[in-house]
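Please look at the sequence and the structure below, and keep both in view while reading. The report that follows goes from the whole chain to some of its helices, then to a sheet and a loop.

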Amino acid sequence: MARPTRVGIYVRISKDRKGQELGIQRQEKACRELCERMGWGVLKVYPENDTSASTTSKRRRPAYTEMLRDAREGLIDGIVVYSIDRLTRRIAELTHFLEEQKEHGFAFATTEGEDTATANGRMILTIKGAVAQQETERMSERVNNSLLQRREQGKPHAGGSRLFGFKEGSNLQEVEPGEVELIRLGYQILLDRGTPGDVARAWNERGARTPEAGTAWDIQKVKRVYRSERIGGIVSYKGQDIGDSIYPHPLTREEWENVQTILDSRATPARKGSGKRKHLYSGFLKCGHCGSTMRIQWATIQGRTFRRTACHSSQVGANGERGCGKVIRRLDWIEARINEVVEAALAKRKPQAQAAPSEDLSGEIKILEGRIRALRNRWKDGGMDDEDYYDSLTHLRSDLQTLRTREAASVVRETRTETDALAVWKDEDMQNLERRRAIVAGVIDHVEVFSVGRGRKKPPELDSIRIWPVGAEPDGSKG
């Protein structure tokens, strides 16, 4: 093989905490000295600073990828690295690299003297690659064992930005009393059939702001707070619940699980009337001619702005065809008629009787918790292997989670008070729109809207719309 004249030097360091690139500078110097001794000409350096090549790393290595691409295309005819573990710590990646070298014929050398020209040299190189991978995996095991030990001691992972309810820089060991009070207020709001939007309004009215950006609270931000297991003092490791935090936390485990039951019940597939809308009756109005869903929009004609509903040709009708576009109506009269029907239905409703107390699961839960503690103590004392411990723990945790979910659902049912639906309905604040639409969906299935034609009467005829209550069967008549 001719001496390469366009060599690429690849240098990499996993961690460069000070950002001074001293490690890759030393590697580059050694590689250049090797090329000078061998009479190889250096064309380009491919630096990869503060980048891991371990089996656990998911970060891309753009310089490594660029170097292989240049070798395939013949831009460089040789590659030099300081040592094989600088090139890669993965056997699969090393095998792929050697296959690329064999196919494209570029030279390869390290400052430690590996030879890929012979089968024996490639075998030694592969062995070194296996040793490098083993070192990485052993390091990962030590780190993971240390983390697991901390979690088993009830010490939660404290990385990331500050979590609402905990003091800055406390590593989740100290709570912020004022924020804890707001979290508990929100918990009570949710138990009383409130929504995350209600919690956001309550927090904003009290001047609370998000810890990350100092912005106002909204529904998604509130959900993220209550979805965090740390709020309930739950310590997890690799997605598995392994115990309770030894430090203070805003909610108890049982309260946190109650909240999950509430949020999960709202996470079911959205039914008509439950999505984010700007208008109360969006999605309920159907064209009386083609059956397609009508749009609600603002319009300005001769300087007057008003809301109207229209059948649009881009909508698909009940027969699978495009909307007919024959119906365009002002919304105010239609909305007033539907409001009358909804209010009349709500006025007839009677409060539901209090549900009977549900089963007491506390005894079964305590038994399972005791078995988990005994299992953990036995494992810590060396009385069982890791594989048996995790297998048994998984089954016990699954049974415990099932019981706690049933208990949480029971608590939610028993603590919720009967809400005056009519009072909720009359609250026309935009923040209450979602709850009002849910009430409409419980009363009205849909409303057919017909054209009133030119020279229409004011107000329109009552039969120009047809309101279908929930559960009504089509009978072919207007009403």
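What percentage of the 479 residues in the chain do buried residues make up? Buried residues make up 40% of the 479 residues, where buried means under 20% relative accessible area, exposed means over 50%, and partly exposed lies in between, with a 1.4 Å probe and protein chains only. This is a predicted model, in which local features need pLDDT of at least 70 and side-chain atom pairs count only at pLDDT 80 or more, while totals for chains, interfaces and linings use all residues. Residues are numbered from 1 along each chain as its sequence is written, and side-chain values use heavy atoms, with hydrogens and water left out.

The chain has 14 helices and 12 strands, which are DSSP runs numbered from the N terminus (helices: H or I, at least four residues; strands: E, at least two). Of the contacts in the chain with a separation of 6 or more, 63% are between residues 24 or more positions apart, where contact means heavy atoms within 4.5 Å.

**Two helix pairs**

Two packed helices are described by the angle between their axes and the distance between the axes. Axes are lines fitted to C-alpha atoms, for helices over the stretch in contact, and angles run from 0 to 180 degrees between N-to-C directions.

| Helix pair | Angle | Distance between axes |
|---|---|---|
| α2 (residues 62-72) and α4 (residues 91-104) | about 20 degrees | 10 Å |
| α6 (residues 177-191) and α7 | about 145 degrees | 9 Å |

Helices α2 and α4 are therefore roughly parallel to each other, given that angles under 35 degrees count as roughly parallel, over 145 as roughly antiparallel, 65 to 115 as roughly perpendicular and the rest as oblique. The crossing in which α2 passes α4 is left-handed, a term used if the near helix is turned anticlockwise from the far one by less than a right angle, whereas clockwise gives right-handed. On the side of α2 the contact is made by Y64, L68, A71 and R72, and on the side of α4 by E93, H96, F97, E100 and H104. By class, this contact of α2 with α4 has four nonpolar, two polar and three charged residues; here Ala, Val, Leu, Ile, Met, Phe, Trp, Tyr, Cys and Pro count as nonpolar, Asp, Glu, Lys and Arg as charged, and the others, Gly among them, as polar.

The crossing of α6 and α7 is right-handed. In α6, the residues L182, I183, L185, G186, I189 and L190 meet P196, D198, V199, A202 and W203 in α7. By class, the contact of α6 with α7 has nine nonpolar, one polar and one charged residues.

Helix α7 is mostly covered, since seven of its 10 residues are buried, and these are P196, G197, D198, V199, A200, A202 and W203.

**The loop after α7**

Helix α7 is followed by G207, whose phi is positive, near 80 degrees. Two residues of the loop between α7 and α8 may be set side by side. R206 is found in this loop and, at 51% relative accessibility, counts as exposed. Leaving aside its neighbours within four places in sequence, R206 is in contact with L182 and L185; R206 and L182 are 24 residues apart in sequence and 8.8 Å apart in space, C-alpha to C-alpha.

T210 also lies in the loop between α7 (196-205) and α8 (219-227), but T210 is buried, with a relative accessible area of 4%. Neighbours within four places in sequence aside, T210 is in contact with T215, A216, W217 and K221.

**A sheet of three strands**

An open sheet has the strand order β8-β9-β10, with antiparallel pairing, where two strands pair if DSSP finds at least two bridges between them. The edge strands, each pairing on one side only, are β8 (295-301) and β10 (328-330), and the twist averages 40 degrees from one strand to the next. Helix α10 (residues 331-348) packs on the sheet, where α10 touches β8, β9 and β10, and the direction of α10 makes about 70 degrees with that of β10.

Strands β8 and β9 pair in the antiparallel sense over seven bridges, and the bridge partner of A299 in β9 is F306. The hairpin of β8 and β9 has two residues between the strands, and in it Q302 takes a positive phi near 55 degrees. Three bridges join β9 (residues 304-310) to β10, and A310 stands opposite I328 in β10.
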